[in-house]
Each structure stands twice: as structure tokens, then as C-alpha cells.
Amino acid sequence: MKKIALAAALALSFGSAALAQQVKVGIAAEPYPPFAAPDASGAYTGWEVDIIGAVCKAAALDCAITPVAWDGIIPALTSGQIDMIMASMSITDERLKTIDFSDKYYNTPTVIVGAKGVQMDATPESLAGKIIGVQVSTIHEAYVQKYFAAGAAEVKTYQTQDEANQDLAAGRIDATQADSVAEQAFLDSEAGKACCEIKGTVADDAEILGKGVGAGLRKGEDELKGKINAAIKQIREDGTYDAITAKYFAMSIYGN
Amino acid sequence: MRDWLQPHRVVLIGLAVALVLACAWFLRWDWLAEPKYQLLIVQGIWRTLWILVVTMVIGMLLAVPLGLAQAAGPWYLAAPARAFCSVIRGTPLLLQLWLLYYGLGSLFPSIPGLRESVLWPYLRQAWPYAVVALSLSVAGYEGEVMRGAFKGVPHGQLEAAKAMGMPRFTMFRRIWLPQALHRVLPTLGGETVLQLKATPLVSTITIMDTYAVAGRIRQDTFIVYEPLLMLAVVYMAITGLIVLMFRWFESRFPSKSA
Amino acid sequence: MTAFGALAASSLDLLAYAPPGWGATLLAGLRNSVLIAFGAFGLGLAIGIGGAFGKLYGGPITRDLLAVYTTIVRAVPELVLILFLYYAVTGAVNEALLLWGYERIQISGVAAGIAVLGVVQGAYATEVLRGAILAVPVGQIEAARAMGMPPVLLAWRIVFPLMLANAIPGLANLWLVATKDTALLGVVGFAELTKATQQAASTTKAFFTFLTAAGLLYLALSLLSTVVFHRIEAWARKGQKRTGG
């Protein structure tokens, strides 16, 4: 029995080696609707998944969507487990020290979400004394640590934004900061509608919040970067981008 | 001491020291110098330690009645105790933690008046859930250990006490319990180490323990291995302390079997 | 009461086998967990046999190195070990491949999980097997030697069966640890039951339902394993004198 299991394990690892010519596109294993979330059958669907398909088609690449744990996704890229990250990762200077990015493919504002009926806006004064929740290893965590942590009662970090939203609905945290589009998906759900609302957009800080979301690449992969940039440009020009966006959102999320 | 001076040991120790020095020289340790990270690390270690101590104490206090119920109790006490221990030992601690924190949390919005109740400040924070989950886990595993310990005390002693007319509670207090505790003392150190290794799981319910601090440093600086190495060293140091403490404890209570 | 009934009904919907029910996802996760636990247990057993023999019959350097291995693995939390081994092993393998001019390979989640957990299990298995071998009554070995039994036959006919009976409780424990440690792999991102549960719960917000369901699945697995191991132990102890009195 052990032998069979061992042989199966070896076969699995070598079987994957035979497909090494693919471009493995890493996405976050944690659900992040409406960009990428698994459904009951395990397949990932969402705006970002569709964009990955469109970009790969335009760049004539054979892409394999590979879910990776969010907080290990950059090491997974640098160690070669995946070849590209398209997981709503913002282009920040801090990340540019370790990896490279393609051109941005969307840019949405960052908002503070809090309980209904509570007076709050997205300023440090208003958030003083509150308990703020953020997803670990995101630009939002960095932003909250820089601007709100000094005055806040406590900053709690979660493995997924869903867990932070869950605690917001349960009342364990007073506010959470996240991407406006992702939060809108939560606020459209039953739990979200009952409990919370958007309180305001945070003041911009391009250094921390980055200049939009781009595809993460290893440093030095200029050929792949060129192909991805050309593909992004192409799908924006030929209307594929807008067609996909129309399926999920009321307006363009490309940003400025 | 002679043991350590054998030639092959000296060579191995020399290699180990060289490895440590090489790590200290070539890897990135600049993050250790930052005061904000130093404060976080100290706070994280403190949280790990107090959670370990509190849950071990509460867990052992629960484990004694659980073990006793299984060893000598009537069926209506023994069966639930057995079921409890089976469930705790049969499911991952991570799941128990999440069930308490997120599972109960998802029920909060449907309970009216909860936010005004006395319990609310405790239900809001994460540490009560960690303490409850870990204590129940200790109780489940140690309850099994205590069951074996209670059963292992020679029955003759208990019968003799009964024949002498000793009241049941006095017999328990004077003969059964001390001997059972004496039997488990050698394994208690090992069990504490196992509990220590379970504490990193509380980082998944927002408690900033040592593991969470290392994770935060890794994410801020994008360094992959060095914080993990520091983490391993910290846990090994705490393990060493626990082992030494229990060895000293055991030497204070010399083993005298009947 | 109706609220409770509604909750129960919706829970059963969510757990249904076919999509949009998540039952199939959870069962697939369970299958992955069992596969990884199986492979890790097997790998750990293999490492443990080598380690036990090395610790008992090997030279001083072997013994010391094995002592370092078992001490480190038993002193450091599994979560830390899993993270470290995952990045270190996959990084090292890929670096080696690049050095020799090959392409990087993608080590599949199951294979990596088996490798990582197997190394952790190996340290514990070493101790269990070493204790089991030591517990074999010396008298029986001496008698066999006095009879002139060749060493290989001695190992196969005498040491191995007796050692097996002693080792089974410890190995049963190890198997249960393996099945539960796969949950830690989920935290690192491997696809198995706990990860599937987290995804299902996150997507549907029905945390209580899915966590309870996952707990029941793990419990079923551990109860089944305990029964199986009791049978195996009874078979292994056939013909041996019952201890105690």
C-alpha cells in the first residue's frame, strides 16, 4: 500500500514536470469575489479569472491557473513555483524591490467599511479608538499601520478579507479597509446589507496604495513582461476588456 | 562532560558553531535592529508564554475529573467524558479554534441584545476563544493520560484504604490522586512541549503571538527564511526551558514506588 | 424553532453533494487529506526505520546527527517546520535543477505535502520504532542466537513481529497526528479538507455549518482509524503472553 502511495506521489510530481512549458499564473487561493472566487466544484470564476484568460489568449501563452496561499504568493513567484501573479496585487515600490510588475490592468479606490448607523469616515481622527481589521500582507495593512494604527484601539489581521468582513458583521471590529469593488460584493450580500456600509474613501498615498493592480513577474523576465503588456494593451483596445468588465461591474474599473 | 569532549562530538559542535556564525554573517538580520520589531517580538513571546501557562493550568484542572470519571465513574459520567476526549482528540485543533471563533461569531448577528450584554467585551476579543479552545484541547488529551494514570495506581492500595474504613474523599485526596499525578509527572513535560507547539495556531484568529509576529516581519520585509529561523530558535529555547524546568521539578519529588 | 429549522434546511442544502452544494468539494478535500496523510505516514515510517536502526546500531556520528534531527523536529512547531521545509525544499530542488540546466518543475501540492509532513513524521517514527525495538525481550533474541539462527532470519522471525506489536500503539498515534497535521498544510495553502472548508465557509458565510461538517468528517476518519488499528494490534499480538496480572 505504501509503495502504491509513494509511486502515485512520484508520478504526480513528475507528471506535473512534463507540463513545465506552461505559464503558471498564480491567483490567491482565498476567495476574493468578484475578482476570483472558487465555486462549489472548485473552479475559480470572476472578473480577474476572465481577464487572465483574455490576456493569455492575446499573448498566445498556455496559462495554467494555480491557486497559491496569498501570504506565500510572492515567495512562490521568486522560487519558481509560479511564473506570474495575477491576484489583484497592487504595484508598490516595496514590492518592486523584490519582483517586477506589468502595466496596471485595473485601479479602484480604497474604502473604509463600518457598521451602519455609526458615525465614521475615512480619516485618522474619526477612526481613533476604533478596532480596525485588515487582511494580512496587503497594501491595506500597510496603510492602516501607517495612518490609523497610532490612534486606533487595536489593529487585527486576518488571513482573508472574508474573515475580516465576517468579524465586522459579528461586531468584533468596528471598521475594515479594503478595495471598494471587493467590499461592494460583500455589501451586496445578505450579511453585508444588514450590517454595514461604506464610510468613505481613504486619502491617497501612491507609495503605499500603489499605482493600480498589475501582474507580478520575476525580475529579469522582460520577454514575458513585454508580451503581457502588449496583451493588456490589445484587450483594452479591441473591446475585450470592456466586454468582460460589463459582465461584472456597472462602470470601468481601469482607473486613471 | 567527558561525553561532550569526544573527538567526533567536538567536530560536530565546531561545525554547528560555524553554521550559526555563517548564518549570522551572510543572512539578512537587519530587521532585528528595528525597535518596532523588537517590541513586537517581545510582545509575541509574552503572548505565547501566557497562553501556554494559562491553558495548561486550566486544562489540567479539567483533566483530573475527566480522567477520574473514565477510570472509576458510573456510566453516566464516564460515557460523556469518553465522548468528549474522543471528539477533542479526533478533530484538528485548528478546526476547534475556528469553530469557536468564526463559527460562533457567525451566529452573533442573529442574537438580539448581545452587544449590550456583560459578555460582549469578552466575545469581541480573540484571546478568550483561544484560551477556551486550547484549554479544552489540553483537557481532552490529558484526560486520556490521567485515565491511564488513575487506572495504573495499584488497586491493592485503594482496597486497603477502603478496608481500613478511610472515607472515599480522603482516600482520593491522600492516596489515589497524588500517586496518579506522580505517574504522569514524567510525561507532563512532554505534553507541555506539545501544547507549546500548538500555540502558533492562535495566529489564525488574529492573536499576535510569536508566529504571527514572524509572519508580519516576513510580509513587511519580504524576507523568506530568516524570520522563520528566528522563530525556530525561539521555540527551541522555550522548549529547552520547559524540559529543564520539569527535570528540576522531578528531582524535587523523587520517585518512590510502593 | 422555525429559525433553527430553516438553519438546518439551508445547512443541508449547502452540504449537498452536487454543486451549488459544497459536499463534493469537502469530500475531495478529505480525499486529499487522506492521500497526503497516507503518503506522509509511509514516508515517515521509511525514515523512521532507517533512523531507529541508525540510532541503535549506527556509529557515533550517525547517532548524533539523528539526535539533532529528532530533537529539532520535536521542539519546533509543525507550522513553522512546514513553512520552512516547503520553501526550502522546493527552492533547493529548483535551484539544483537550474544549476544543472533543467527547467524548474512544479512540485504538486500533494507531493510537497507528503514530503514535508513525511520529514516531520520521520522524527517521531524514529523514536517510536526505537522504543519498540528496545522493548523486545532480550532473552528471546539471545535464545535464537544460541540456537545458531542467522541474523537476517533472526530479524525477520523474532525481532520484527515482536517489535511490530510494541510499535503499533505509537504508530496508531502517529497516523492520527498525520491526519490532523494535514489541516496545518491547509493554512500554508495546500488543497485539503481544512482549506476546502475555509473556502466554502468564506464564500457562503456559513462558517458554523461547514466547520461542524469538517469536524464530523475528521472525527469519522479518526474513529475508523482507531478501530482499524485495534484490529491490527490484536492480529500482531496473536500468541503473545498477556502482560499484567
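Let's start with one pair of residues: A:Ala28 stands opposite A:Val68, which sits in strand β4 of chain A. Keep in mind that this is a predicted model. In general, strands of a sheet pair through backbone hydrogen bonds, and they can do so parallel or antiparallel.

Now zoom out to the rest of the sheet. In chain A, five strands line up in the order β4-β1-β5-β12-β6, giving an open sheet with mixed pairing. At the edges you'll find β4 (63-68) and β6 (100-106) of chain A, each of which pairs on one side only.

Helices pack against this sheet too. Helix α2 of chain A (residues 47-58) touches β1, β4 and β6 of chain A, and its direction makes about 150° with that of β4(A). Then there's helix α10 of chain A (residues 222-237), lying across β6 and β12 (213-217) of chain A and running at about 10° to β6(A).

Next, hop over to chain B. When two helices pack, we describe them by the angle between their axes and the distance between the axes. For helix α3 (residues 75-90) and helix α6 (residues 127-152) of chain B, the axes come within 8 Å and cross at roughly 115°. That crossing is left-handed. So who does the touching? From α3(B), the contact residues include B:Phe84 and B:Ile88, while α6(B) brings in B:Leu136 and B:Tyr141, among others. Sorted by type, the contact has six nonpolar residues, three polar and two charged.

Key. Residues are numbered from 1 along each chain as its sequence is written. Chains are lettered from A and ligands numbered from 1 in the order in which they are written. This is a predicted model: local features need pLDDT of at least 70, side-chain atom pairs count only at pLDDT 80 or more; totals for chains, interfaces and linings use all residues. Two strands pair if DSSP finds at least two bridges between them. Helices (H or I, at least four residues) and strands (E, at least two) are DSSP runs, numbered from the N terminus. Two residues are in contact if their C-beta atoms, placed from the backbone, lie within 7 Å. Axes are lines fitted to C-alpha atoms, for helices over the stretch in contact, and angles run from 0 to 180 degrees between N-to-C directions. A crossing is left-handed if the near helix is turned anticlockwise from the far one by less than a right angle, and right-handed if clockwise. Ala, Val, Leu, Ile, Met, Phe, Trp, Tyr, Cys and Pro count as nonpolar, Asp, Glu, Lys and Arg as charged, and the others, Gly among them, as polar.
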